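Subject: Structure for you to look at

Hi,

Here is the structure I promised to pass on. Please open it alongside this note, and I'll walk you through what turned up.

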Amino acid sequence: MAFEKVCTLDDLWEGEMASFEVNGHEVLVLSIEGGDIIAYQGICPHQDILLIEGQFDGKALICRAHQWVFDAKTGRGINPDDSRLVPYPVRIEGEDVFIDTEGITPEFSHI
């Protein structure tokens, strides 16, 4: 597999998020504080809730169902701190945002 275009930089402003299905993966793309683009698994590792339905302030991502909180820059769990979101490689070419899903498996929690 290879990188696939999901959107343009104009589609995703700082502090915004968007969800895309890429090669059968639900991928959440974030424009974090400072403007960097990061992609993570789009399903909460707790109970299969779409993270796009949660809240994002440019720094933290909060799942709507049980208020699990993740650091948007690293994907690490803040609450609970033993969880994490699996990242996907992102490539920016000009104004286009590309995601690669090859070899990536989302994680799900033991909780």
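A word on terms before the details: contact means heavy atoms within 4.5 Å. This is a predicted model, in which local features need pLDDT of at least 70 and side-chain atom pairs count only at pLDDT 80 or more, while totals for chains, interfaces and linings use all residues. Residues are numbered from 1 along each chain as its sequence is written, and side-chain values use heavy atoms, with hydrogens and water left out.

Let's start with Ser83. This residue lies in the loop between β8 (77-79) and β9 (87-88); strands are DSSP runs (E, at least two residues), numbered from the N terminus. Is Ser83 buried or exposed? Ser83 has a relative accessible area of 9%, so it counts as buried (under 20%, with a 1.4 Å probe and protein chains only). Setting aside neighbours within four places in sequence, Ser83 is in contact with Trp68, Phe70, Arg76 and Gly77.

Now for the sheet. Three strands form an open sheet in the order β1-β11-β10, with antiparallel pairing; two strands pair if DSSP finds at least two bridges between them. At the edges are β1 (4-8) and β10 (90-93), each pairing on one side only.

β10 and β11 (residues 96-99) run antiparallel and are joined by four bridges. Across this pair, Val90 stands opposite Ile99 and Ile92 opposite Val97. The hairpin of β10 and β11 has two residues between the strands, and there Gly94 takes a positive phi near 65°.

Happy viewing!

Technical notes:
Buried means under 20% relative accessible area, exposed over 50%, partly exposed in between (1.4 Å probe, protein chains only).
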